[in-house]
Amino acid sequence: MNTTAVKILVVDDEPPIRKLLRVGLSAQGYLVNEAPNAAAAKLSVQEDRPDLIILDLGLPDKPGHDLLQEWREDGLEIPVVILSSRTDEAGIVKALESGADDYVTKPFGVNELAARIRVALRHRLQQQGEKAIFQTGGLSLDLVKRIVKVDGKEVKLSPKEYDILRVLAQHAGKVLTHQFLLKQVWGPAADVQYLRVYVRQLRQKIEQIPDQPQYITTETGVGYRLREPE
């Protein structure tokens with residue numbers, strides 16, 4: 001996607017943060033609008049229709065979670081990347097389960113945020129036309145034939161291991177919460193320990209060094225993320 005055509009709405013009540021994002025993202029070719037609170041954000045979305053929203057969870061007039069949930073309930077499909085404190089794992093999980101596409105924690109670097117923006121925008125495009133073959137590095141997954149290869153060699157996975165990898169591949173680059181993965185693979189009542197066990201087994205089969213994973217990375221207290229395609 002050509003960044004010169006991408007409009008980003010920054011929703012944050014802290015002027016220094018808005019300035020940092022405006023300067024940093026504008027330098028990368030994005031068109032940046034700002035909103036200091038939920039009311040201004042809702043108006044900007046209606047009038048300007050951004051391509052992506054950067055949303056702080058701690059707004060002065062309404063919690064960011066509530067604003068996000070309102071947007072999703074209204075059918076707004078614009079990608080949303082949230083800003084959160086490093087210690088607010090519960091808030092991050094809640095936002096992701098309410099429909100956020102990704103997150104960064106404060107303090108953050110503009111390059112890190114820009115990478116999350118690219119993933120979120122690319123993920124929305126991928127959802128419109130999912131490809132049959134997924135590849136990242138030496139890992140490939142044929143979603144039609146259900147064949148997994150690492151460095152050209154076929155790897156045999158159990159049905160649950162394959163299902164986890166398939167769901168991660170369908171959302172490559174995006175963090176998926178524990179509850180989302182459990183619901184997709186086992187159902188909403190499953191225990192998170194099942195997921196941890198199967199992810200560990202999956203890493204044993206696809207990672208060169210399972211304890212230092214290159215493909216399936218852990219988002220502490222939140223979930224897992226599969227490396228996006230190059």
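Colleague: In this predicted model, is Glu 70 buried, partly exposed or exposed?
Modeller: Buried means under 20% relative accessible area, and exposed means over 50%. Glu 70 has a relative accessible area of 25%. That value falls in between, so the class for Glu 70 is partly exposed.

Colleague: Which side chain meets Glu 70 in a salt bridge?
Modeller: The distance in this pair is 2.7 Å, N to O.

Colleague: How many residues apart in sequence are the parts tied together by Asp 101 and Arg 72?
Modeller: The two side chains meet in a salt bridge of 3.2 Å, N to O. Asp 101 lies in the loop between α4 (89-97) and β5. Arg 72 lies in helix α3 (residues 64-73), so the pair ties together parts whose separation in sequence is 29 residues.

Colleague: Are Asp 101 and Arg 72 buried or exposed?
Modeller: The cut-off for buried is under 20% relative accessible area. Asp 101 has 2%. Arg 72 has 19%. Both values fall under the cut-off, so Asp 101 and Arg 72 are buried.

Colleague: Which residues do salt bridges that share partners join into one network?
Modeller: A search of the whole structure finds 15 salt bridges. Some share partners. The network they form joins Asp 12, Glu 14, Asp 56 and Lys 106.

Colleague: How many residues apart in sequence are the parts tied together by Asp 12 and Lys 106?
Modeller: Their side chains meet in a salt bridge, at 3.4 Å from N to O. Asp 12 lies in the loop between β1 (7-11) and α1 (15-27), and Lys 106 in strand β5 (residues 102-106). Asp 12 counts as buried, at 0% relative accessibility. The pair ties together parts whose separation in sequence is 94 residues.

Colleague: What is the peptide bond from Lys 106 to Pro 107, cis or trans?
Modeller: Pro 107 is found in the loop between β5 and α5 (110-128). Omega for the bond from Lys 106 is near -5°. The bond is cis.

Colleague: What covers the buried residues of α4?
Modeller: The buried residues of α4 are Gly 91, Ile 92, Val 93, Ala 95 and Leu 96. In an α-helix there are 3.6 residues a turn, so residues three or four places apart point the same way. The cover over the buried residues of α4 includes α3, β4 (80-85), β5 and β10 (175-177).

Colleague: Which residue just after α4 takes a positive phi?
Modeller: The phi is about 120°. The residue that takes it is Gly 99.

Colleague: What is the phi of Asp 151?
Modeller: Asp 151 lies in the loop between β8 (147-150) and β9 (153-155). Asp 151 is exposed, with a relative accessible area of 62%. Asp 151 is not a glycine, yet its phi is positive, at about 55°.

Colleague: Where is Arg 49?
Modeller: Arg 49 is a residue other than glycine with a positive phi, near 45°. Its place is in the loop between α2 (38-48) and β3 (52-56).

Colleague: Which residues does His 178 touch, not counting those up to four places away in sequence?
Modeller: His 178 is found in helix α7 (residues 178-185). At 14% relative accessibility, His 178 counts as buried. The residues it touches are Val 192, Leu 195, Gly 221, Val 222, Gly 223 and Tyr 224.

Colleague: How many Å apart in space are Asp 74 and Ile 216?
Modeller: Asp 74 is found in the loop between α3 and β4. At 67% relative accessibility, Asp 74 counts as exposed. Asp 74 and Ile 216 are 142 residues apart in sequence, and C-alpha to C-alpha the distance is 33 Å.

Colleague: How many helices and strands are in the protein, and what is its radius of gyration?
Modeller: The protein has eight helices and 12 strands. For 230 residues the globule rule gives 17 Å. The value for the protein is close to that, so it is as compact as a globular protein of that length. Its radius of gyration is 18 Å.

Note on methods: Residues are numbered from 1 along each chain as its sequence is written. This is a predicted model: local features need pLDDT of at least 70, side-chain atom pairs count only at pLDDT 80 or more; totals for chains, interfaces and linings use all residues. Side-chain values use heavy atoms; hydrogens and water are left out. Helices (H or I, at least four residues) and strands (E, at least two) are DSSP runs, numbered from the N terminus. The radius of gyration is taken over C-alpha atoms; the globule rule is 2.2 Å times the number of residues to the power 0.38. A salt bridge is a side-chain nitrogen of Lys or Arg within 4 Å of a carboxyl oxygen of Asp or Glu. Buried means under 20% relative accessible area, exposed over 50%, partly exposed in between (1.4 Å probe, protein chains only). Contact means heavy atoms within 4.5 Å.
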